[in-house]
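Please examine the sequence and the structure shown below. The explanation then moves from the sheet to the ligand site.

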Amino acid sequence: MGNWQQIVVPTDGDRITFKDGKQQVSDTPIVPFIRGDGIGPDIWAASQPVLDAAVELTSGGRRDIRWMEVYAGERALELYQTYLPEETIEALREYAVAIKGPLTTPVGGGFRSLNVTLRQIFDLYACIRPVRYVDGVPSPVKEPEKVNVVIFRENTEDVYSGIEFASGTPEAAKLIAFLKDELGKNVRAESGIGIKPISQFGTDRLVRRAIQYAIDHNLPSVTIVHKGNIQKFTEGAFRDWSYALAAREFADRTIREDAVGPDGPGGKIVIKDRIADAMFQQILLRPAEYSVLAMPNLNGDYFSDACAAQIGGLGMAPGANIGDSAAIFEATHGTAPKYAGKDMVNPGSVILSGAMLLEYLGWQAAADLVHEGVRRTIAAKTVTYDLERQMPGATKVSCSAFGAEIVKHMREAV
Ligand code: NAP
């Protein structure tokens, strides 16, 4: 265990460990949390009591998360004079499963996003975003309740590999010359150059997780979303490798859409693929036909926010970044600095990310109770400003009061 300057390790909890890729969780696991910048501390103050109450109420007090604060972002800069201290990385590595609020990305100075850095350090290759409608949340579409999807976005390749050279640089000129001289491909002079690698390794491990998720949750289909009609050897290969993986590793549990006969899929998970632009239409016009979706990084970036918008926006959209031996659950929105310290914003995104964490710990009943508490609170129309301004007859409550309302409704629900 680290000899850390600022991090205080709870003395009466246990480390989550991994055996054969499966997390091993005691009744009192130690879970690091990062409050985050801007609205992060307000949101964490409202969220932690909700998660604690859900665990307590569903385990009769037997289980309890031992939270351990670790630091990143502006708070870390104050404490350690760096945005991402070494001991935070060590603690996350040692304790493996964490939850975080939003972090400021310092502008300029060539600083990479802290979020992207964390995902890379821990090889959190799957960004998982469930998008499910909560009754009563204002939505721009007519039937938001038909949207119920889980997006698996590849988190390490494609544009996240970040190989880019600016127009006019010697590197870009060198690459343009190489493409022309060695490979016979013409690129306009003075172009900026970006490289988009997609590998079978990266595809397989993401799609394996997506199919396993569909099996574990008894879901009907997994849809591969790609742009393979244009980018054949990256996005097209992603599609081909996905089908091949399903056939190789899940032959008895999956069936390709084009092999489904008149009697239906026979209880198997249907593997389909859709071209990304068509899929954006489909999710608006026929959302009920989609369940689990797997896609390369950039498609997933656009698609998760577009889906979140349909069910009421980022304030209610949870997320998780998961690897084979680590996971970080996080809000999908940013730090909204103008609301910092005002106890005003919607903590829903972190609370629902916390529900994903509880599910990951194997505490499904606690996760379900959080969802039920959120559902009842919104049905009672006691909501934060962002929802209140769109919900006729709603009562506006603070961030902390919204959390307290959820706890109250959870107590009534058990
Ligand atoms: P933002 O912080 O997400 O805020 C944009 C707007 O979204 C807010 O002004 C507010 O809209 C609404 N909003 C966000 N969170 C909300 C919540 N919990 N409840 C209610 N409304 C909420 O985006 P940004 O202003 O572009 O980014 C600010 C900083 O966050 C940047 O430094 C960025 O790099 C960082 N960021 C971090 C993460 C992350 O840590 N995962 C993600 C994205 C951005 P209204 O003004 O309409 O009320």
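The model is predicted: local features need pLDDT of at least 70, side-chain atom pairs count only at pLDDT 80 or more, and totals for chains, interfaces and linings use all residues. Residues are numbered from 1 along each chain as its sequence is written, and side-chain values use heavy atoms, without hydrogens and water.

Eleven strands make up an open sheet of mixed pairing, in the order E4-E3-E5-E15-E14-E6-E7-E13-E10-E12-E11. Strands are DSSP runs of E with at least two residues, and helices are runs of H or I with at least four; two strands pair if DSSP finds at least two bridges between them. At the edges stand E4 (66-69) and E11 (254-256), each of which pairs on one side only. E11 pairs with E12 (residues 269-275) in the parallel sense over three bridges, and Arg256 stands opposite Ile271 in E12.

Helix H4 (residues 114-121) lies across E5 (97-100), E14 (318-322) and E15 (327-331), where contact means heavy atoms within 4.5 Å. H4 runs at about 160° to E15; angles run from 0 to 180 degrees between N-to-C directions of axes fitted to C-alpha atoms, for helices over the stretch in contact.

The ligand is surrounded by 21 residues, each with a heavy atom within 4 Å of the ligand. The closest are Leu103, Gly334, Ala336, Asn346 and Tyr385. Polar contacts are pairs of N or O atoms within 3.5 Å. A backbone N or O atom of Ala336 lies 2.7 Å from a ligand oxygen atom, and a polar side-chain atom of Asn115 lies 2.9 Å from an oxygen atom of the ligand.

Terms used. Polar contact = N/O pair within 3.5 Å; in protein donor to acceptor, adjacent residues only side chain to side chain.
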